[in-house]
Amino acid sequence: MATKLIDVREYTVRAHKRQIHTRIFHFVCKQCNEATKRETFGPRPLYCEICRPPQAPKKSPQESRKAKPRPMSYKSYTDLD
């Protein structure tokens, strides 16, 4: 089994490094019917990386909240005259 060290972002626990065990699967893609191989740490994949490319990591909800400043929606007293 191949092993890797991956970076884990901070969410409810402190950020740390985690060692995961990956396996290389040799299989026939369900969509294009080509013999291929793919490295994964989960169950046996059904599709090759061309038919179903790996997804980019998702951003945490905290990062998206910090990025958008709220617009000012009130008027000052001098504008009311």
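Colleague: What should I know about the model before reading it?
Modeller: This is a predicted model, in which local features need pLDDT of at least 70, side-chain atom pairs count only at pLDDT 80 or more, and totals for chains, interfaces and linings use all residues. Residues are numbered from 1 along each chain as its sequence is written, and side-chain values use heavy atoms, with hydrogens and water left out.

Colleague: How many helices and strands does the protein have?
Modeller: The protein has three strands and one helix, in the order β-β-β-α along the sequence. Both are DSSP runs numbered from the N terminus: helices are H or I with at least four residues, strands E with at least two.

Colleague: What percentage of the residues is buried?
Modeller: Of the 81 residues, 12% are buried, that is, under 20% relative accessible area with a 1.4 Å probe, protein chains only.

Colleague: Turning to the largest pocket, which residues lie nearest its centre?
Modeller: Ile6, Ile20, Thr40, Phe41 and Gly42 do, among 17 lining residues. A pocket is an open set of points on a 1 Å grid over the protein atoms alone, where a 1.4 Å probe fits, with protein on both sides within 12 Å along at least five of seven lines; lining residues have an atom within 4 Å of a point.

Colleague: Which strands supply at least two residues of that lining?
Modeller: Strands E1 (2-8), E2 (16-28) and E3 (35-40) each do, and E1 gives the largest share, four residues.

How values were computed: Buried < 20%, exposed > 50% of the residue type's maximum accessible area, 1.4 Å probe, protein only.
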